[in-house]
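Biologist: I am new to this structure. Please show me how to read a few of its features.

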Amino acid sequence: SASLQNIVTNYIRHHGTDFSRFADFNAIQLNDTHPVIAIPELLRILIDEQQLDWDAAWQISCQVFAYTNHTIMAEALEKWDIGIFQFLFPRIMQIIEKIDGQFRREVRQRGLTENEIRTMSPLGDGKIHMAWLAIYGSHSVNGVAAMHTRILKEVTLKPFFQLWPNRFNSKTNGVTPRRWLKVCNPGLSALLTDLAGNADWLTDLSQLGKLKSLKDDDQVMQRLLEVKRDNKIRLARYL
């Protein structure tokens, strides 16, 4: 809530109270389902504090939020007891109920059965399904690898993908080789530089592709094993 209030305050300072361009200057990535309560909280700020009507606030909110699903494991698809929200966040609960009602009306018009609606709605079985809320309240839903995203589309989130296929996409998790290889594993980094003939791979990992031809070179593999052994010895001494 503090972050959202700061974002809104900063926007007003620079652009006034016309929120029609709010999404042009603000993007919020929901990192798994833990921060998804931000969706109804932004709606609360826009409606209760900035006096926007529901439709305008909902459109703005959907343009601002995007949702990243990191894993298909159940613990990443959080579900909260409705009673907790009713006790701690009564206004947020009212907004989630309105989102749920809107969702049900929208998908009913698209031909879903009552059983399908009950399974997919943000409110069901006495729980708030944060992942379903995140999908419905965002303009983008991404997995973190091609295979992962395919599983989301074909299995875990298949009903939602069938409703909004253009909303789903993949963003492969990456690493920075300068930190996670050169700094953390100087032995392997030095070996790669020697084999490649230069250190250009640090800023262009595709250049390591030329080393594939060395995968059956026993001498190179022995050097690699020595690097691994040296790292294990350093770790053992440190411990």
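Biologist: How many residues does helix H13 have, and how far does H13 reach?

Modeller: Helices here are DSSP runs of H or I with at least four residues, strands are E runs with at least two, and both are numbered from the N terminus. The expected span is 1.5 Å times one less than the number of residues. H13 (residues 218-238) has 21 residues and reaches 30 Å from first C-alpha to last, close to the expected 30 Å. This is a predicted model: local features need pLDDT of at least 70, side-chain atom pairs pLDDT 80 or more, while totals for chains, interfaces and linings use all residues. Residues are numbered from 1 along each chain as its sequence is written, and side-chain values use heavy atoms, without hydrogens and water.

Biologist: How is an aromatic pair described?

Modeller: By the distance of the ring centres and the angle of the planes. Rings of Phe, Tyr and Trp (its six-membered ring) pair if their centres lie within 6.5 Å; planes under 30 degrees apart are stacked, over 60 edge-to-face, the rest tilted. The whole structure holds twelve aromatic pairs. In one of them, tyrosine 11 and phenylalanine 25 have centres 6.4 Å apart and planes at 55°, so this pair is tilted. Tyrosine 11 is in helix H1 and phenylalanine 25 in helix H2, 14 residues apart.

Biologist: Is tyrosine 11 buried or exposed?

Modeller: Buried means under 20% relative accessible area, exposed over 50%, partly exposed in between (1.4 Å probe, protein chains only). Tyrosine 11 has 3%, so tyrosine 11 is buried. Phenylalanine 25, at 42%, is partly exposed.
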